[in-house]
Amino acid sequence: MKKTLPWLTGVALVLGAGIVAAVTPAPEAQDGPFLIHGAAGQPIVARDLIVQVGEARFSDRITVDDDDWRADGNWLIVNLSAAAPETEVDAALRLVELVVDGREFIASEQPSTSLVGTGLRVGTDTEGMVAFELPDDLSAGDAEIRLSTAYSTPNLDDVIVVPLELDGLPRGHSVEIAEPSIEGAP
Amino acid sequence: MTWLHTHRLSLTALMFCVVAVAGVHLWLDVMPIADRQKETITVVDDGTAELAGQEVTLEDARWDEYPAPDRARVVSVHMRGSGGPESTSCGRVTLSEVQGSRTWLDADDVIDVPYEAGQSYCTEESEPYDITSVFLVPDDVEGPFFLDIAGDDHTITRFLVEP
């Protein structure tokens, strides 16, 4: 008995370590974001962000008002309406990402009137547009838009995820990225 | 020879390890959070506060002094700054519900406030001057509010605002 006890103890410890390793969540589960799934056309509420994804379309060119600036390319433009649930301090849409087949595209910061970075209001929706510059051959497929107030995908915080079907979206020659506005503003 | 005596070296090492782990945890994880939350709030009860090197007096607060978007209202808070050689700019000005958790920032980028209304927060001035802070709130909000003005060294001066 005296000789077998250390062996039994050793085996039990090795088995215990194996079980702990097996049930330990993957690193992404330990510090990954909390994905809040929703659908276009309805408001989706996260910890520090309320967003409604609106109309989406492709365009060969984007422009901004009161400026000669324009950019040609394969642009996907998405209308968004956003607000802050609790506080306006540090409330802004900072990460707006389009994920298609594992490829990630960040909303362009080139148009000065993009909704990205605009301060959000509590109780009052701010409407605006974001534009993604995509490769020329990308105009179809299942995509999803990810939105967060963090500059990059946050750890242990909410990220809103909205599916977007790219097939069949209308394509225009030119779209003006309108300045963010508040509905019914005087 | 007792078990404790036999293992005194390893037990001592283990004790040092425990102390070191606890110390590092306090230093890296606990202290930064404790420092971040160390904010002193001074509640003003007579309407006048000393902040940013000057006296700031709450005069009044009004509903709907300026046009608002649909389903929203404007709260405008009027103050008077004494100015003077020591005056500096104050920090962030926020309006919060007393009974609720919503907080608003100044909305002079959305609301058209005339130049004559004065500054939107306390600033560096040699003479007394007017301050008008405007906030865009949804129309379900009733007040009263706390008007918080951030100062130096994590201090906040709090006025009770009842428009």
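Predicted model: local features only at pLDDT ≥ 70, side-chain atom pairs only at ≥ 80, totals over all residues.

**Notes on chain B and its partner**

1. In chain B, of the contacts between residues at least 6 apart in sequence, 65% join residues at least 24 apart.

2. Two helices and nine strands make up the elements of chain B.

3. The overall dimensions of chain B deserve a remark. The radius of gyration of chain B is 25 Å, whereas a compact globule of 163 residues would have one near 15 Å. The C-alpha trace of chain B spans about 90 × 45 × 30 Å along its principal axes. Of the 163 residues in chain B, 28% are buried.

4. Between the chains, 14 residues of chain B are in contact with 13 residues of chain A. On the chain B side, the elements that give two or more residues are strand S6 (103-105) and strand S7 (129-138). By class, that side of chain B holds nine nonpolar, three polar and two charged residues.

5. What is the geometry of the peptide bond from Gly143(B) to Pro144(B)? The bond is cis, with omega near 0°. Pro144(B) is in the loop between S7 and strand S8 (145-150) of chain B.

6. Two residues other than glycine have a positive phi and may be checked together. Ala52(B) has a phi of about 50° and sits in the loop between strand S2 (48-51) and strand S3 (54-63) of chain B. Arg71(B) has a phi of about 60° and sits in the loop between S3 and strand S4 (72-81) of chain B.

7. Strand S8 of chain B contains Phe146(B). With 17 C-beta neighbours inside 10 Å, Phe146(B) counts as partly exposed, because the count falls between the limits of 12 or fewer for exposed and 20 or more for buried. Leaving out residues up to four places away in sequence, Phe146(B) touches Ser96(B), Val98(B), Arg158(B) and Leu160(B). The C-alpha atoms of Phe146(B) and Val161(B) are separated by 5.8 Å, although the two residues are 15 apart along the chain.

8. The largest nonpolar core has 68 residues, and those that touch the most other members are Val78(A), Val130(A), Ala131(A) and Leu136(B). This list includes residues of chain A and one of chain B. The element that gives the most to this core is strand S4 (residues 70-83) of chain A, with seven residues.

9. Which residues does Val130(A) contact, leaving aside neighbours within four places in sequence? They are Val78(A), Leu80(A), Val96(A), Ala107(A), Ser114(A), Leu115(A) and Val116(A). One of them, Val78(A), is also named among the core residues that touch the most other members.

Notes:
Residues numbered from 1 in each chain as written. Chains lettered and ligands numbered in written order. Contact = placed C-beta atoms within 7 Å. Helix = DSSP H or I, 4+ residues; strand = E, 2+ residues; numbered from the N terminus. Nonpolar A, V, L, I, M, F, W, Y, C, P; charged D, E, K, R; others polar. Rg over C-alpha atoms; globule rule 2.2 N^0.38 Å. Core = buried A, V, L, I, M, F, W, Y, C linked by C-beta atoms within 7 Å.
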